[in-house]
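Visitor: I would like to go through this model feature by feature. Please give the general idea where there is one, and then the case at hand.

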Amino acid sequence: MLTISAKEMPRFRRLLLSWFAERKRDLPWRRTQDPYRIWLSEIMLQQTRVAAVIPYYQRFLENFPDVRAVARAEADRVLTNWAGLGYYSRARNLQRAAQEIVALHAGEFPREYEAALALPGIGRYTAAAVLSIAYGAPHAVLDGNVARVLARIAAVRSDLRAPATWRKLEATAQELLAQETPGDWNQAMMELGATVCTPKAPRCADCPVEKWCRARQLGIQETLPSARKKRATIKITLAAAVLLDPNGNTMLVRQTGGDGDLFSHMWQFPALDTTGKTGNRALAAYLQKKFGVTIKRNLKPLAAARHAVTFRNIRLEPYMIRLAQLPRANGMHVVSLAKVPDTSISNATRKIATAAIKSLGPPLTSH
């Protein structure tokens, strides 16, 4: 894919590495070679902006300072510390991988590429990133940022995610890799894509390797890479029931399928997809059938909220239902409504809890 000559390659690498040394952002995971901390940062950064990750990363390390702490923790505690980052399968896989690392690798992230790939939640990119940065192993990374840089340097016009094209990009990334400093090189390529060779309006004048960019020479840098076809957005309405007893307690459930997907299979209020239906009637019928709760006129609508999960645009329609006694159901969790935000819940459930708590007004204080 590349048109960089063998004679020019050392200069290309030297300029990019020098630029990275001078211009790199000061990020907490760049101050360590601890494979656990590097691995944690890579998992958190998947589908999440750097600025959003930093406070979660620091808090997570305060609670789980090493891989053994993650491995032995209660799953709900791990999820609670992940709450707000979204894509909770990342946290579940992180803990499963930590348990395998303790059981099979004496608590140390494996140094062998295939062994790293065998861990839950570890793909080719994550394995290459951790092994190169923590151990100096000669594995090139390829993520969206690096793929965009390579696509512009080589003026690749095809869909980068097409399997054949992605394989060529992987081979090209490996060919470019600075073998003596693979960790710095991989981070330099990612940094270039994140801060200079951005998806829109790339800052070519600030690029240390602009000279070798074929897209820049052709004047097509802003049209590459080709836009990916996005899946059409689906609009969904979810009605949720905040059941409240006289003591201020509510009921949470876990759903392994159906609407549970939209709540990341974490603790949630009983909910129902009411798209195209009358929400309060459908919810009342659901509660009667599922929990034996009879709804008369005690179903109070709360403030609706918007929530997005990948291609789904969700309207959350919560209802407060006061009961003399909460129903009993297998796997239910009774908790004070005020403490729901401190439970391992998804952002969607947090929005519902916030609306419910706000509807009750400020707590009464004695004088």
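**Reading the model**

Guide: We can begin with a loop residue: Q47 sits in the loop that joins α2 and α3. The model is a predicted one.

Visitor: Is Q47 buried or exposed?

Guide: Q47 counts as exposed because its relative accessibility is 62%, and the cut-off for exposed is over 50%.

Visitor: Where does T310 lie, and what is its phi?

Guide: T310 is in the loop between β5 (305-309) and β6 (312-322). Its phi is near 45°, a positive value in a residue other than glycine. T310 counts as exposed, with 51% relative accessibility.

Visitor: Back to the loop between α2 and α3. Is T48 buried or exposed?

Guide: T48, which is found in that loop between α2 and α3 (50-63), is buried because its relative accessible area is 16%, and buried means under 20%.

Visitor: Which residues does T48 touch, leaving aside its neighbours within four places in sequence?

Guide: With those neighbours set aside, T48 is in contact with V53, L85 and R90. For R90 there is also a polar contact, side chain to side chain with T48, at 3.3 Å.

Visitor: How should I read the packing of two helices?

Guide: Two packed helices are described by the angle between their axes and by the distance between those axes. For α2 and α3, the angle is about 140° and the axes are 10 Å apart. That angle makes α2 oblique to α3.

Visitor: What is the handedness of the crossing of α2 and α3?

Guide: The crossing of α2 and α3 is right-handed. On the α2 side the contact is made by Y36, R37, L40, S41, M44 and L45, and on the α3 side by V50, V53, Y56, Y57, F60 and L61. By class, the residues of this contact of α2 with α3 are ten nonpolar, one polar and one charged.

Visitor: At what angle does α2 pack with α8, and how far apart are their axes?

Guide: Helix α2 (residues 35-45) and helix α8 (residues 124-135) pack at about 145°, and their axes are 9 Å apart. The passage of α2 across α8 is a right-handed crossing. From α2 the contact takes P35, I38, W39, E42 and I43, and from α8 it takes Y125, T126, A129, V130, I133, A134 and Y135. The contact of α2 with α8 divides into ten nonpolar residues, one polar and one charged.

Visitor: Where is L131, and is it buried or exposed?

Guide: L131 is in helix α8. It is buried, with a relative accessible area of 0%. Not counting residues up to four places away in sequence, L131 touches F109, P110, R111, E112, Y113, A116, G136, A137 and H139.

Visitor: How far apart are the C-alpha atoms of L131 and S89?

Guide: They are separated by 22 Å, and the two residues are 42 apart along the chain.

Visitor: How do α5 and α6 cross?

Guide: The axes of helix α5 (residues 75-82) and helix α6 (residues 89-104) come within 10 Å and cross at roughly 135°. That makes α5 oblique to α6. In this pair, α5 passes α6 in a right-handed crossing. A75, V78, L79 and W82 of α5 meet R90, A91, R92, L94 and Q95 of α6. The classes in this contact of α5 with α6 are six nonpolar, one polar and two charged residues.

Visitor: Which peptide bond is cis?

Guide: The bond from L224 to P225 is cis, with omega near -5°. P225 lies in the loop between α12 (214-218) and β1 (234-244).

Visitor: How many helices and strands are there in the protein?

Guide: The protein has 14 helices and seven strands. Its C-alpha atoms fill a box of roughly 80 × 45 × 45 Å, taken along the principal axes. Of its 367 residues, 49% count as buried.

Visitor: What share of the contacts joins residues 24 or more positions apart?

Guide: Such residues account for 65% of the contacts in the protein with a separation of 6 or more.

Methods:
Residues numbered from 1 in each chain as written. Predicted model: local features only at pLDDT ≥ 70, side-chain atom pairs only at ≥ 80, totals over all residues. Heavy atoms only, no water. Axes fitted to C-alpha atoms, helices over the stretch in contact; angles between N-to-C directions. Helix = DSSP H or I, 4+ residues; strand = E, 2+ residues; numbered from the N terminus. Left-handed = near helix turned anticlockwise from the far one by under 90°. Contact = heavy atoms within 4.5 Å. Nonpolar A, V, L, I, M, F, W, Y, C, P; charged D, E, K, R; others polar. Parallel < 35°, antiparallel > 145°, perpendicular 65-115°, else oblique. Buried < 20%, exposed > 50% of the residue type's maximum accessible area, 1.4 Å probe, protein only. Polar contact = N/O pair within 3.5 Å; in protein donor to acceptor, adjacent residues only side chain to side chain.
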